[in-house]
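Reader: I would like to learn how to read the contacts in a model with several chains. Could you take me through one, feature by feature?

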Amino acid sequence: MLRFALKRVLGAIPTLLVLIALAFFLIKAAPGGPFDTDRRLPPEIEANLQAAYNLDEPLYRQFGLYLGGLLKGDFGPSFQYRDYTVTELIAAGFPVSLRLGGLAMLLAFVVGVAVGTVAALKQNAFTDHAAMAAAMIGISVPNFVMAPLLVLVFAVTLKWLPAGGLGDWRNFVLPVVALALPQIAYIARLTRGSMIEVLRADFIRTARAQGLPQRAVIIRHALKPALLPVISYLGPATAAIITGSVVIEQIFGVPGLGRFFVQGALNRDYTLVMGVVVFYGVLIVVFNLIVDLVYGWLDPRVQYQ
Amino acid sequence: MPARVTNRLRLVFVAAAAMLSGGCGAPDSGQTMRNTPVGGASGTELAAEQILTKNNGAEPQTLDPHRAEGVPASNILRDLFEGLVSEAPDGRLIPGAAEAWQISDDGTVYTFTLRVDGRWSNGDPVTAADFEYGFRRSVDPATLSQYSSILFPIVNAEQIVKGELPPDQLGVTALDDRTLEIRLIGPTPYFLGLLTHSTTYAVHPLSVEEFGARFVRAGHLVGNGAYILDEWVVQSHIRLLRNQNYWDDEHTVIDEVNYLPIENQDAMLRRYRADELDFTQDLPFKQIAWIREHIADQLYISPYLGSYYYSLNLTLPPFAGMPKLRRALALAIDREVLTEKITGSGEIPAYSWTPRVTGYTQQPPAWAGWTQAERNTEAQRLYKVSGYSADNPLTLQFLYNTSENHKRIALAIASMWKQVLGVETKLLNQEWKVFLETRKQKTMPGVARNGWIGDYNDAYTFTQLLASDNEQNDSGFANDEYDALLDAASAEPDMQKRAALMEAAERLMLEAQPIIPIYFYVSKHLIKPWVGGFEANIMDHHYTKNFYILKH
Amino acid sequence: MNAATKTSTIRGRALSTDVWETLKKNRAAFVATLLLAVMSVMVVVAPILSPYAFDATDFDRISVGPSLSTLHLFGTDALGRDLFVRTMYGGRISLMVGLVATAVSLVIGIAWGATAGFIGGRSDHVMMRIVDVLYAMPFMFFVILLMVFFGRSIVLIFVAIGAINWLDMARIVRGQTLSLKEKEFVEAARAGGVSNVKIVLHHIVPNLLGVVAVYVTLTIPQVILVESFLSFLGLGVQEPMTSWGALVNEGAQEMETAPWMLIFPGAFLATTLFCLNFIGDGLRDALDPRDRSN
């Protein structure tokens, strides 16, 4: 299994290289640069800044310099947050996004699997439709509508929870819920689909025929195989969610990684954008690996070659 | 009184005593332009917890005063550092780190006397040498300042910034521990105002040398302002605590101030309403009606030193050589409707370029006094004269950058042009940096959104923008007479003559209509009723040391 | 070739009747289909019935609530434009983005997946590795970059969003193709000397339709959501044109002062997403390949 993991990690290197190159040349191709503001710089000052950040070098050399830095674990200084390095910014933002995204995913997993299982057991009955309809509100209302609604109700009007910012657990409730709602819908749907299939399988019929109670059949026999597609969804979805959501971060004022993708691109903060892109790429690889390992645990037929 | 008063030098400004008049008892030394309602005659009672939370609009790019630019950084730096000159709550200039200064008769040599009790936050005295160090660092190309060009009035500053001279050639000299001399290349009436800008702040030389670029981090930063940096979490908050070593700390009331970088204005308003903010920067246009209805008493709107305008590309058709067409478009905009119904937060309709600044008479054209119906008639006449009609309408490209507010104004104006003249407008919304590039290149014909916030409270910051060699001149307006008037103005030591020259220049420029002024900016704040000490001023500069929290 | 065409059409018809029967049994999905059809017709036809143009401003009727007497059925927006007409126009854009972008991902995904699955071996391996590589890309970020570079071109929105979604499609199709390849009728065609291209086009692809149909109904709502996210960032369609996403984003900013600006476009958007998702689930139940093969 260790060999399998190692092989996968090594196999990911070309993937990452392609990713880095693509992102690097794309962002450099964007019109405008990090030092453009509506107050134009005298040409000498601009040239001086360009030189200080190696932006006057030919593109291939800049790429080389960037890769060189990367090998030494140096993501470079940020253009937008000039007092910080990209490494520092990611190190500060990731724990926040991780906590937020992790909690949201956990919530979504628990609720989504529960809803999906119930719906599957009552396939096409009223309960099925009601449960799925409720879950689907999460993907029918965009989160930039849902999040302000939650704030208006629970923070501004009822004053139960804070409207934003970092602090104690209370600050996390609304963003976690807003982040989890769409995920609940996806997970519920996946669970329902695969659970329906599993329930028709022979080994479940056998278990039922043996007179095992419904609850035991579901928990002991059906759940594990039914979760397989959910698990493979969870890998990339978790990687995406713990690298932050720009909408949620903007609306709740949470200092996560998500805004670095968008704001970094808009500010032409080349190094920061590259940093989060590389980070995201690595996370995807890691999470896909984890998914494969979990798969093996859930489904003994899978062999690691 | 400083000893160095000679007959060549004339005392222009002696401390604050004269300005204080209405104040609060006899000021002992120079400055005490203070909030004094503290437990004073007004009988207000202060809250036990003196914590102020402000929205700052965005994350500052840096807190290095010499590299900083933009409003978010300046707001915080005003609390962390103190320039030679400071500002009273109403915006008047008052002594800061310098307690007095003298200006030579020809207006080119400034001699500052630093206050005796000036201290860095680590207890070291603030010396003239620290300021000399600061000025030199500001213009040193190695510092990578983006704003050093505003120091160009100082002798040799431009050459140093451009790398032609070493920084020690700068016309700033510490004559002794408490005396700093600054030599200028010409009379610069707005120079004192510049000294409130962060590029002129002193930095603590030892900590800059010890920590390098990281000297601005919490724990490293040594300042001479009323507050010290306690914590900085990027995109979350910046927390400052009062500086016990500040010379006027006894008058400081707020113990802790938090700056939040909330950019999304709707989110900002919700957090204000949830009592998580005491003070906001700017407001969403769209919520202004709601605010007026529910919390009108917390809304503070006042004139701001800025013009919102459209640049017409004079280098390409349809505007090249077509002043009448340009005038027609300027006339056809109903600015009353626009500022009342579209922006709706007290913006002032603008028919001329320079906002209301000190010592300058605004230059609205004659048609500013007409009714909109009269303007429309004239606009239609000029439109026809320019060769356009209902059968042959003008087709315009209209460039603006991604923003809800700019979009609304652009749509409204495009529809006014359509209704009055029949102009077909093609809107083009570009993301900020692409927009800047397009506008700068002047390759796109038509109209581009623009705005200018003055660097200092003097008309020159506006007039110079349309000089033919100004990088900011996005219309491509080039007029020798205009340039000559500007040159004459900057060499003129007499303030009234200087103003007259700039006023003549503006009239000349408006006649050609290379730009269409839309409105003068206003500053907009929501302030909780328990926050005291706020006073509006045209620069919208506010110092936390003047604020206090009432019991609530 | 004639024979092959015939088989596929027959199979296709059989499939569609089959689906229709099952869908009719699934009442929720049936209602959703009807609702969606009504809305689609509405966004095309309804603006003609209103006296207002979608881009006509009226500064005397700014942010006015719904009213029958003024014929502003959904009220007006912050520039006095009729919200009913704008909601219909926005619907055209949103539905079009949904359909076209999904079609883009469909074409790429089917071509890629069917080819990889059918050829198999090394080519399959390489092609699927490419898909793996692309999976690691933060696509939203690339879409944002593209929108930034090239401006608000609606074609670009189609293509960019479509290009994100083809990866899933390719994987699903490849998996199906691998199993179809072993089926008797493919073997038979191959033995009969039919060319590979024709086998893919006439035997493999038609049999993928079920899975693809499910995928399509689930992709369209995702794509519409992506467009609305771009609108939230200010990178959506160019004004005065609009989309449901853009309208909902504007409405969300005024949800307290002018709730009609959120409620009407929001209801249309949410209902559409809801219906599509329900239909997708209904279809999946109806078409479950394992279920059918039983």
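Reader: How many salt bridges are there between chain C and chain A?

Author: First, the ground rules. This is a predicted model, in which local features need pLDDT of at least 70 and side-chain atom pairs count only at pLDDT 80 or more, while totals for chains, interfaces and linings use all residues. Residues are numbered from 1 along each chain as its sequence is written, chains are lettered from A and ligands numbered from 1 in the order in which they are written, and side-chain values use heavy atoms, with hydrogens and water left out. Now the idea: a salt bridge is a side-chain nitrogen of Lys or Arg within 4 Å of a carboxyl oxygen of Asp or Glu. Between chain C and chain A the count is zero.

Reader: Which residues of chain C lose the most area to chain A?

Author: Begin with the idea of buried area: the accessible area (1.4 Å probe) that two parts lose on being put together, summed over both. For chain C and chain A that area is about 3700 Å², and carbon and sulfur atoms give 73% of it. On the chain C side, C:Phe141, C:Phe149 and C:Phe232 lose the most, together 15% of what that side buries. In contact terms (heavy atoms within 4.5 Å), 41 residues of chain C and 46 residues of chain A take part.

Reader: Which helix gives the largest share of the side of chain C that touches chain A?

Author: Helices (H or I, at least four residues) and strands (E, at least two) are DSSP runs, numbered from the N terminus. A polar contact is a pair of N or O atoms within 3.5 Å; within protein, one must be able to donate a hydrogen and the other to accept it, and residues adjacent in sequence count only if both atoms are side-chain atoms. Across the interface of chain C and chain A, one residue pair is in polar contact, both at pLDDT 80 or more. Several helices of chain C each supply at least two residues to this side, among them H8 (196-232) and H10 (260-287). The largest share, ten residues, comes from H10(C).

Reader: What does the area buried between chain A and chain B amount to?

Author: Chain A and chain B bury about 4300 Å² between them, with 50% given by carbon and sulfur atoms. A:Arg39, A:Arg40 and A:Asp83 supply 19% of the area that chain A buries here, more than any other three residues. The contact takes 48 residues from chain A and 46 residues from chain B.

Reader: How many salt bridges and polar contacts lie between chain A and chain B?

Author: The count is six salt bridges. In one of them, the side chains of A:Arg268 and B:Glu431 meet at 3.0 Å, N to O. H2(A) gives the largest share, six residues.

Reader: Where are the domains of chain B, and how far apart are their centres?

Author: Domain bounds come from an automatic or database domain assignment. For chain B that assignment gives domain 1 (60-262) and domain 2 (302-522), and their C-alpha centres lie 35 Å apart. Seven residues from domain 1 and eleven residues from domain 2 make the contact. The two domains of chain B bury about 700 Å² between them, 68% of it on carbon and sulfur atoms. In domain 1, B:Pro187, B:Pro189 and B:Tyr190 lose the most area, together 67% of what that side buries. Between these domains there are zero salt bridges and one residue pair in polar contact.

Reader: Is helix H9 of chain B buried or exposed?

Author: Buried means under 20% relative accessible area, exposed over 50%, and partly exposed in between (1.4 Å probe, protein chains only). Seven of the nine residues of H9(B) (residues 323-331) are buried, so this helix is largely enclosed by the rest of the structure. Among the buried residues are B:Arg326 and B:Arg327.
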